[in-house]
Amino acid sequence: MKGKTNSKKTTRNTTMKVTGKEEEFIRLNHALRGELNYANWHFITWKHLWNSIEEYSDEMNVAHTFFTLSMRGHLLETLLRLNKMFDEGHDGTNTVSNLLDFADKNMHIFAAPAADRRKRNEEDMILEKQVEETKPLQITGDMVKAHRDKLKGLPLKKLKKWEEEALAHVDRKVAKKHLNVFDECPVDIEEIDGIIDTVHEILNVYSIAYDGQKWDKDLVFTHGIKNMLDAIKAGKQLIKK
């Protein structure tokens with residue numbers, strides 16, 4: 001799974017063996033990072049489409065059903081993936097809280113000297129990542145507690161409510177409705193961005209503490225959406241001629 005490529009390098013070394021606890025951390029860290037990155041990328045796409053309605057409303061309404069359902073799909077994917085990371089009743093293993101519990105009980109695997117010499121090869125993992133090396137941190141109980149407090153401050157009830165609303169039945173009339181710049185935004189964009197940024201920062205603390213590697217969550221791809229909308233605009237202008 002790749003993020004920005006600027007000033008990044010992938011570290012590879014096959015000589016080190018991992019313990020069972022380390023394998024557990026790697027699996028959990030990768031599972032959470034995968035959910036977070038996909039949620040973020042879907043949200044980036046949704047935000048770009050939502051913010052394009054004012055400038056490209058005519059172009060988007062050429063295929064309003066396509067854009068309406070596409071936007072709904074991206075937002076739903078965002079909400080489902082984020083809520084899954086906090087849903088203790090769903091699985092309970094691949095949650096941020098579980099990661100913090102694991103770190104609290106296994107601080108020895110984050111020992112700075114071990115992290116300094118540990119340069120992992122990610123080639124055999126399910127998710128490929130683009131990382132930059134950072135000086136490892138020493139995990140402490142106070143640090144884990146501070147992260148738990150950060151999670152408590154997130155608007156998770158709102159996040160669940162938005163998911164339920166996004167899952168609500170959409171009938172044919174809604175699906176075929178023209179996109180309107182005056183429609184109310186279905187979520188609080190700043191609060192969802194805050195949730196994504198908070199989890200991203202927390203995951204990076206433990207990734208850096210483990211092997212000195214910092215993940216990058218962002219991709220630059222929204223220019224493709226603008227190119228598509230510009231192409232529709234150009235096509236409409238040609239038809240008028």
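**Exercise 1. Find the volume of the largest pocket and the residues closest to its centre.**

Step 1. The largest pocket has a volume of about 610 Å³. On a 1 Å grid over the protein atoms alone, a pocket is an open set of points where a 1.4 Å probe fits, with protein on both sides within 12 Å along at least five of seven lines. The volume is the space filled by probe spheres set on the points, which are joined across faces, edges and corners.

Step 2. Now look at the lining, meaning residues with an atom within 4 Å of a point. Of its 25 residues, Thr 68, Arg 72, Leu 75, Val 174 and Pro 186 are the closest to the centre of the largest pocket.

A note on the model: it is predicted, so local features need pLDDT of at least 70 and side-chain atom pairs pLDDT 80 or more, while totals for chains, interfaces and linings use all residues. Residues are numbered from 1 along each chain as its sequence is written, and side-chain values use heavy atoms, leaving out hydrogens and water.

**Exercise 2. Decide whether Thr 68 is buried or exposed, and list what it touches.**

Step 1. Thr 68 counts as buried because its relative accessibility is 17%; buried means under 20% relative accessible area, exposed over 50%, and partly exposed in between (1.4 Å probe, protein chains only).

Step 2. Leaving aside residues up to four places away in sequence, Thr 68 touches Val 174, Ala 175, Lys 177 and Leu 179 (contact: heavy atoms within 4.5 Å).
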